[in-house]
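Subject: Structure handover

Hello,

Here is the structure I promised to pass on. My notes on the packing follow below it.

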Amino acid sequence: MALRSVLVSVLTCSSIVLAGASAPALVPTGDSPVVETHAQKRSLDDAITSVLAISIDGLNPDALEQLGTAGTPHLHDLMATGASTLNARTEHEKTITLPNHTGMVTGRRIEAATGGHGVTWNDDRRRPATVQAAAGTRIESVFTSIHEAGGSTALFASKTKFSLWKRSWPLSIDTTRIRLDNAVLARSVRRDLVDETRAFRFVHLSLPDAVGHDKGFMSKAYLRAVRKVDALVGEIVGAVRSDPLRAGSTAIILTSDHGGRGKDHSDATKLANYRVAFMVAGPGVAAGADLYDLNADDYRDPGTRRTTYRASVQPVRNGDLANLALDLLDLGPVPGSEHNSAQDLDVSLPN
């Protein structure tokens with residue numbers, strides 16, 4: 001499947017599915033190239049023309065289980081209406097913010113020596129100035145793949161260190177908003193959803209991580225922060241679902257860069273740090289499904305294991321995000337990527 005000048009959308013409203021409504025053009029007509037499908041997994045009238053990716057910084061899946069549906073209704077709603085697991089994995093090398101988020105958008109491991117993106121630091125340093133400089137080679141991303149296909153992208157982040165991405169892919173990220181206040185950032189995302197037609201948005205919410213470092217991950221204050229960020233996710237998702245056309249053409253991917261326990265998350269050997277959630281919801285996604293059940297042949301639930309990249313069957317990782325988003329948009333994988341590069345992470349039931 002490919003981003004096309006005219007895409008058929010499926011509108012779901014009051015339990016009635018209306019086929020044949022045209023979605024906004026994401027690729028100009030005329031001589032624009034059509035990106036061929038990587039596999040015949042879905043029909044050409046697939047509804048998804050936009051992906052909203054949300055990362056909740058420092059979300060320990062234990063918090064969702066402890067707070068339950070009453071405490072985190074919007075995150076539980078994504079699980080109920082989509083496919084998910086609370087036992088996904090971070091990158092193997094590190095359980096810190098910038099390296100894992102860069103893995104999410106490049107589909108690569110961290111260490112440059114073994115083909116990774118090379119972003120090993122977690123601050124605002126200006127040298128290396130770009131991901132490419134860190135890796136010592138050209139590094140593509142979900143942003144560049146979508147830009148090359150004619151789609152618009154945006155980055156909404158709540159930590160200034162994400163300016164690295166804009167420096168690395170300046171022509172491929174059409175809009176960058178960095179706001180330290182999560183509520184202000186969420187309002188910016190909601191406005192953009194209503195006002196702009198985009199193929200991909202990446203949203204980073206930092207509140208649980210900030211409170212975790214200050215008061216302790218899984219502390220009472222931390223659990224209150226998770227409740228607050230759940231409400232912000234609800235507002236953002238509500239902006240998607242408030243319009244039938246938008247709801248019928250948008251997929252939502254939600255994950256995290258790491259978990260945490262105590263006031264730290266940097267020890268990559270601890271389960272509380274390397275275990276994260278991964279959720280997918282949207283048109284055609286299997287409601288209430290477990291991602292490992294949907295992908296029994298290609299992915300394996302790791303239990304409590306950390307799991308190296310050498311394992312023949314991998315767990316779902318937060319780094320799967322880039323190529324899953326591209327797969328949902330009917331585009332091929334990020335060049336040079338590793339995670340989900342075969343685009344075999346299924347989110348729907350087999351036909």
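Helix α1 (residues 61-71) lies across β4 (83-89) and β9 (275-281), and runs at about 70° to β9. Helix α9 also packs on the sheet, where it touches β3 (50-56), β7 (200-205) and β8 (250-255). The direction of α9 makes about 175° with that of β3. Axes here are lines fitted to C-alpha atoms, for helices over the stretch in contact, and angles run from 0 to 180 degrees between N-to-C directions. Contact means heavy atoms within 4.5 Å. Helices (H or I, at least four residues) and strands (E, at least two) are DSSP runs, numbered from the N terminus.

Please keep the origin in mind: this is a predicted model, where local features need pLDDT of at least 70, side-chain atom pairs count only at pLDDT 80 or more, and totals for chains, interfaces and linings use all residues. Residues are numbered from 1 along each chain as its sequence is written, and side-chain values use heavy atoms, with hydrogens and water left out.

**The sheet**

The chain has 13 helices and ten strands. Eight strands form an open, mixed sheet in the order β6-β5-β7-β3-β8-β9-β4-β10. β6 (175-178) and β10 (289-290) stand at the edges with a single partner strand each, so one side of each has no neighbour in the sheet. Two strands pair if DSSP finds at least two bridges between them.

β5 (residues 153-157) runs parallel to β6, joined by four bridges. Leu 155 has Thr 176 of β6 as its bridge partner.

β3 is parallel to β8, with six bridges; Ala 53 is bridged to Ile 253 of β8. Six bridges also join β3 to β7, again parallel. There, Leu 52 partners Arg 201 of β7.

How many residues of β3 are buried? Seven of the seven, so β3 is largely enclosed by the rest of the structure. Buried means under 20% relative accessible area, exposed over 50%, partly exposed in between (1.4 Å probe, protein chains only). Both faces of β3 are covered: Ser 50, Leu 52, Ile 54 and Ile 56 are buried on one side, Val 51, Ala 53 and Ser 55 on the other. Across the chain of 351 residues, 57% count as buried.

**Helices against α9**

The axes of α7 (residues 182-195) and α9 (residues 220-241) come within 9 Å and cross at roughly 5°. That makes α7 roughly parallel to α9 (angles under 35 degrees; over 145 is roughly antiparallel, 65 to 115 roughly perpendicular, the rest oblique). Among the contact residues are Ala 186 and Val 189 of α7 and Leu 232 and Ile 236 of α9. The contact divides into eight nonpolar, one polar and two charged residues.

The axes of α2 (residues 73-81) and α9 come within 7 Å and cross at roughly 50°. The two helices are therefore oblique. Their contact divides into six nonpolar, three polar and three charged residues. Ala, Val, Leu, Ile, Met, Phe, Trp, Tyr, Cys and Pro count as nonpolar, Asp, Glu, Lys and Arg as charged, and the others, Gly among them, as polar.

**The cores**

A nonpolar core is a set of buried Ala, Val, Leu, Ile, Met, Phe, Trp, Tyr and Cys residues joined through side-chain atoms within 4.5 Å. The largest has 52 residues, and Trp 165, Phe 200 and Phe 202 have the most contacts inside it. Helix α13 (residues 321-328) gives the largest share, six residues. Another core lies apart, with 39 residues, including Ile 56, Phe 156, Val 189 and Met 279.

Best wishes
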